[in-house]
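Subject: Structure for your review

Hello,

Here is the structure I said I would pass on. My notes on it follow below.

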Amino acid sequence: MKVDEKAFRKIALKTIRDKRLSGAYATAMQRNRGARAAALERVPDVDELRDELKQIRAATVANLGEHLQEFERNAARAGAQVHWAQGKEDLGNIVLEIARQHNARRVVKSKSMVTEEVHLNQMLEEAGMRVVETDLGEYIIQLAGETPSHIIAPAIHQTAGQVADLFADKIGQRVDSTPSTLTQVARQTLRQIFLEADIGISGVNLGVAETGSIVLVTNEGNGRLTTSLPKVHIAVMGIERLAPTWEEAGVWLSLLARFSTGQALSVYTSVITGPARDTELDGPEEVHIILLDNNRSRITGTKYEEALQCIRCGACLSVCPVYLASGGHAYHSPYSGPIGAVISPLLFGLENYKGLPNASTLCGACLDVCPVRIDLPRMLRELRVDQVEQGLVPLPERVLEQTASRMLATPLWMQVFFGLGRFGQLMMKLFNIKFNQLEQYPMVAQKSFRQQWAAMQEEPDERQG
Ligand code: SF4
């Protein structure tokens, strides 16, 4: 699908007009901002930590190849099997081959945006497998046949009442709509599915190169069940999600939960280093780590490399006026909000996502809140320039912008234009013509700023007498 301004606007308008939906976003994001602010107040050196994280992420992404090799070596040494996937097809083939070797038909998944990127569920279902999402938010949207509306809270657009109706319809259980009851229903339903699963598929919050470990951060415990109950665990990791050492991973983890949910640390932080040892009672017999590129290596070394420093905390979404108004589905991507507007065109092609770089007021709130201080407004502007240079902007818009640019650069044309504007306004006043809302605009000044400035320079300075 091509996501141009029209496609974005269509869903955005639907959200704006739907009071329940826009209310759901507003309430959830307000709560999120409050929790973050309270959490950060308790960390006096948060700015130093942010600087440190920026430096860590920038240095890691700049030397990604080297760190990935170290990670691969150490993960293999710990007994994990490491695979490299260039894109969607590779990833699908690798997962299907592992499933074939184990005659697997039932898959449980914990939340993984990287697999949403390549529609892994769809690929597995087309191959005849049953795939069940086990993160509550992902489970809800899977039942509803929807896509995520937020990178850390995929079902944020659903109210508890809607979820209760959904469970009654899809699971056959009519319960009240209190969050604890709904969670209980999901737990009971999922427990049996966990026990029967052949394979568990998870994402990876970060990998640690020095030990070849992967770290999963969750709040529901489903990540631990997904990665330890089935005999085979497949972890899909974007190649940029790497910390060279545990010390650096510590800085990352100390900010991740605070900026995403306002917690000091998520409820579960699971570290997996290879499959279960002989002496361990729990854990999978096989751990496969699939390192997915999907155009990330094409971003390294470019003016957009900074986008790969993202730790997917979701903080920029909760402060973005465009995300708040339009909602996550308007982005037509697993990645919404300011980071989505940057990363989606980079990963999936600017020609396919040319509407997104314009989905921003460039107010800078995303840069202010980002724990890695990623300059998203700069990259949004760069993407807009690329759009023009690649001829992706429609002709009428191009003509309008070129005309405006010439006019703004030429004082004489500006004077002519504003002179005509003033004349038009006077005529409208004279003949009492009213256009919708136009009368709200003030009259164009009789003299331009330049003329007023020049006149001021010529006047004797009265203050000096
Ligand atoms: S860009 Fe920054 S604020 Fe947005 S998700 Fe990434 S790390 Fe978080």
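The model is a predicted one, in which local features need pLDDT of at least 70 and side-chain atom pairs count only at pLDDT 80 or more, while totals for chains, interfaces and linings use all residues. Residues are numbered from 1 along each chain as its sequence is written.

Sheets

Strand 2 (residues 106-109) and strand 4 (residues 199-202) run parallel and are joined by three bridges. Helices (H or I, at least four residues) and strands (E, at least two) are DSSP runs, numbered from the N terminus, and two strands pair if DSSP finds at least two bridges between them. Strand 2 also pairs with strand 3, in the parallel sense, over four bridges; there Arg 106 stands opposite Arg 130.

These strands belong to an open sheet of six, in the order 1-10-7-4-2-3, with parallel pairing. Its edges are strand 1 (81-85) and strand 3 (130-133), each of which pairs on one side only. On average, neighbouring strands of this sheet are turned by 20 degrees against each other, direction ignored. Axes are lines fitted to C-alpha atoms, for helices over the stretch in contact, and angles run from 0 to 180 degrees between N-to-C directions.

Another open sheet has four strands in the order 8-5-6-9, and its pairing is mixed. Strand 8 (242-243) and strand 9 (268-272) are the edge strands, each pairing on one side only. Strand 6 (residues 213-218) runs antiparallel to strand 9, with five bridges between them, and Val 217 stands opposite Thr 269. Helix 12 (residues 246-260) lies across strand 5 (206-208), strand 6, strand 8 and strand 9, at about 160 degrees to strand 5.

Helix pair

Helix 19 (residues 395-409) packs against helix 20 (residues 411-430) at an angle of about 110 degrees, with the axes 5 Å apart. The two helices, helix 19 and helix 20, are therefore roughly perpendicular to each other (65 to 115 degrees). Arg 406, Met 407 and Leu 408 in helix 19 meet Trp 413, Met 414 and Phe 417 in helix 20, contact being C-beta atoms, placed from the backbone, within 7 Å. By class, this contact has five nonpolar, no polar and one charged residues. Ala, Val, Leu, Ile, Met, Phe, Trp, Tyr, Cys and Pro count as nonpolar, Asp, Glu, Lys and Arg as charged, and the others, Gly among them, as polar.

Ligand and domains

Around the ligand there are 14 residues, of which Cys 310, Cys 313, Ala 315, Cys 316 and Cys 370 come nearest (C-beta atom, placed from the backbone, within 6 Å). The shell divides into twelve nonpolar, one polar and one charged.

The protein is divided into domain 1 (1-42 + 314-393), domain 2 (48-298) and domain 3 (415-464), with bounds from an automatic or database domain assignment. The C-alpha centres of domain 2 and domain 3 lie 60 Å apart.

Regards

Terms used. Contact = placed C-beta atoms within 7 Å. Parallel < 35°, antiparallel > 145°, perpendicular 65-115°, else oblique.
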